[in-house]
Amino acid sequence: MPGDWLAEHAAAPPRIGPEGLDAAKDRAVAAFLGLALGDALGATVEFLTPREVAAFHGTHKDIVGGGWLHLKPGRVTDDTEMSLALGRAILDHGGLVSARAAAQAFSAWMSKKPVDIGHTVRRGISSFRRSGLPWVADNPMNGGNGAAMRCLPVALATFGAPWEQVNRALRLQGHVTHSCGLADAGMEVVAALVQTALAGPSGGIAELSRLVERFVAVNPDFSPDGKPQTDPSGFIVPTLRAVFQALMQARGFEDGLVDVVNRGGDADTTGAILGMILGARCGTAALPKRWLKKLDPATRGVCEAQAAQLIAFAPAISGRDRAVTVE
Ligand SMILES: [Mg+2]
């Protein structure tokens, strides 16, 4: 079972004492902003090879827009927009994760003709509209990174809940469009990394590397060992191999993000996923000011507000055992 690796190692859900409350809230905000910054930075070089990135941009390290979507500087894509749709749905249900509410939120988002949408996501939302069922059947071809790229709101609202509940909540939102063991494993490790990072700076980035090592010991497809992962596709395995390699070498937020997006490929999503993890670890003070200035102000505002509201529901913060899902 993909979940066993963490159940075994996360016997005690994190709790935040009153002294750590402000820091945990700051890291939650940094995680959501990190997601948006990584998305906006990476979108410029999505689908390029590292060689093409170097030819067009040298080292790509500023938020300049453009790319195949011809974005304005600071504009985000589906990674951030779907996360915000899911976050809104969770907040509108009192902090509870509901598959139906998530499916309705994704459907409403798709109606607004988003700037970008993945094939598997479109298929899943279309299926919900036809059948009314907020999940898709198991399919090994549903191993895209679309469920993991938007799982941050669940990681925040369930922070400190028993792992089985976190797992259930992740699957409720993920299976609206993706139902595949690898996609599930991807969500689990991303959420576990975010929650470990939120819990505090005790082990720095090295603590996250050890979590990756435990995960790949039972999910060897994702091993970051071997050749540098460049030009990662939208499949969850190369996406996370690139994220893990950049995470394990990162000297800080900006350093890690620049590394991962310069690998090209699905760079907005590798940027988004590493951005949420490193944001949660490093806090808002580590986010480059020049990137924050470029980020679309309305997007920035709603990311900050949602992060603060979602983390307030987290069992680790509220200190109470509470349900985290609802039908
Ligand atoms: Mg995208």
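Predicted model: local features only at pLDDT ≥ 70, side-chain atom pairs only at ≥ 80, totals over all residues.
A residue counts here as buried if 20 or more other C-beta atoms lie within 10 Å of its own, and as exposed if 12 or fewer do.

Helix α6 covers residues 119–131. Within α6, the buried residues are Thr 120, Val 121, Gly 124, Ile 125 and Phe 128. Viewed down the helix axis, these buried residues fall within an arc of 130 degrees, so they line one face of α6. The spacing makes sense: an α-helix has 3.6 residues a turn, so residues three or four places apart point the same way. Part of what covers the buried residues of α6 is α5 (99–111). On the face turned away from the buried side, you will find the exposed residues His 119 and Arg 130. After α6 comes Gly 132, with a positive phi near 80 degrees.

Next, look at a pair of helices. Helix α2 (residues 21–43) packs with helix α9 (residues 181–198) at an angle of about 145 degrees, their axes 9 Å apart. From α2, the contact draws on Ala 24, Arg 27, Ala 28 and Ala 31, while α9 brings Val 194, Ala 197 and Leu 198. Sorted by class, this contact has six nonpolar residues, one charged residue and no polar ones.

Finally, turn to Arg 51 in helix α3 (residues 50–57). Is Arg 51 buried or exposed? Arg 51 is exposed, because it has 11 other C-beta atoms within 10 Å. The C-alpha atoms of Arg 51 and Asp 231 are separated by 9.7 Å, though these residues are 180 residues apart along the chain.

Definitions and conventions
Residues numbered from 1 in each chain as written. Axes fitted to C-alpha atoms, helices over the stretch in contact; angles between N-to-C directions. Helix = DSSP H or I, 4+ residues; strand = E, 2+ residues; numbered from the N terminus. Contact = placed C-beta atoms within 7 Å. Nonpolar A, V, L, I, M, F, W, Y, C, P; charged D, E, K, R; others polar. Expected span 1.5 Å × (residues − 1). Arc of directions from axis to C-beta.
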